[in-house]
Amino acid sequence: MDEDLDLLENGEAGAPALEGPYAAAILLMLLGEDEAAAILRDLDPDDVRQLGKAMFAAAEANENEVEAALDRFIGRARQVSSLAVGAEPRIRNVITQALGN
């Protein structure tokens, strides 16, 4: 597990290549507390523990690491449009949460 939190060798243009829980932890820490908690609520307890540990490590992330985590997320998001995958249930859930039952 600790190996998953380590940074890999530098990626292109000197930006660190981040993997696994460390990159996810950086993204979670960029969210508001409520949003991050909502994501963690849907995970298995072991995954929450692993991400919690990674979040403590990511608290010291530098600007290059944050940028690398965001770049990784954007790159993967471009591969699959989140608008197309499960759009109908997501839209219903967002509207229900906003307006109530």
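**Helix H2 and its packing partners**

H2 and helix H4 (residues 45-58) pack at an angle of about 75°, their axes lying 8 Å apart. Here axes are lines fitted to C-alpha atoms, for helices over the stretch in contact, and angles run from 0 to 180 degrees between N-to-C directions. H2 is therefore roughly perpendicular to H4, a label given to angles of 65 to 115 degrees, whereas those under 35 count as roughly parallel, those over 145 as roughly antiparallel and the rest as oblique. The model is a predicted one, in which local features need pLDDT of at least 70 and side-chain atom pairs count only at pLDDT 80 or more, while totals for chains, interfaces and linings use all residues. Residues are numbered from 1 along each chain as its sequence is written, and side-chain values use heavy atoms, with hydrogens and water left out.

The protein chain holds six helices and zero strands, where helices (H or I, at least four residues) and strands (E, at least two) are DSSP runs numbered from the N terminus. Of its 101 residues, 19% count as buried; buried means under 20% relative accessible area, exposed over 50%, and partly exposed in between (1.4 Å probe, protein chains only). Among contacts in the protein chain with a separation of 6 or more, 68% come from residues 24 or more positions apart, contact meaning heavy atoms within 4.5 Å.

Met29 lies in H2, which covers residues 20-30, and touches Met55, Ala58 and Ala59, not counting residues up to four places away in sequence. Met29 counts as partly exposed because its relative accessibility is 38%.

H2 also packs against H5, at an angle of about 95° and with the axes 9 Å apart, so H2 and H5 are roughly perpendicular to each other. On the H2 side, Gly20, Tyr22, Ala23, Ile26, Leu27 and Leu30 meet Glu65, Val66, Ala69, Leu70, Arg72 and Phe73 of H5. The contact of H2 with H5 has nine nonpolar, one polar and two charged residues. Leu70 of H5 is in contact with Leu27 and Leu30, leaving aside neighbours within four places in sequence. The C-alpha atoms of Leu70 and Leu30, 40 residues apart along the chain, are separated by 9.8 Å. At 34% relative accessibility, Leu70 counts as partly exposed.

The volume of the largest pocket is about 270 Å³. On a 1 Å grid over the protein atoms alone, a pocket is an open set of points with protein on both sides within 12 Å along at least five of seven lines, and lining residues have an atom within 4 Å of a point.

How values were computed: On a 1 Å grid over the protein atoms alone, a cavity is a set of points where a 1.4 Å probe fits but cannot get out, and a pocket is an open set with protein on both sides within 12 Å along at least five of seven lines; lining residues have an atom within 4 Å of a point. Grid points are joined across faces, edges and corners, and a volume is the space filled by probe spheres set on the points. Ala, Val, Leu, Ile, Met, Phe, Trp, Tyr, Cys and Pro count as nonpolar, Asp, Glu, Lys and Arg as charged, and the others, Gly among them, as polar.
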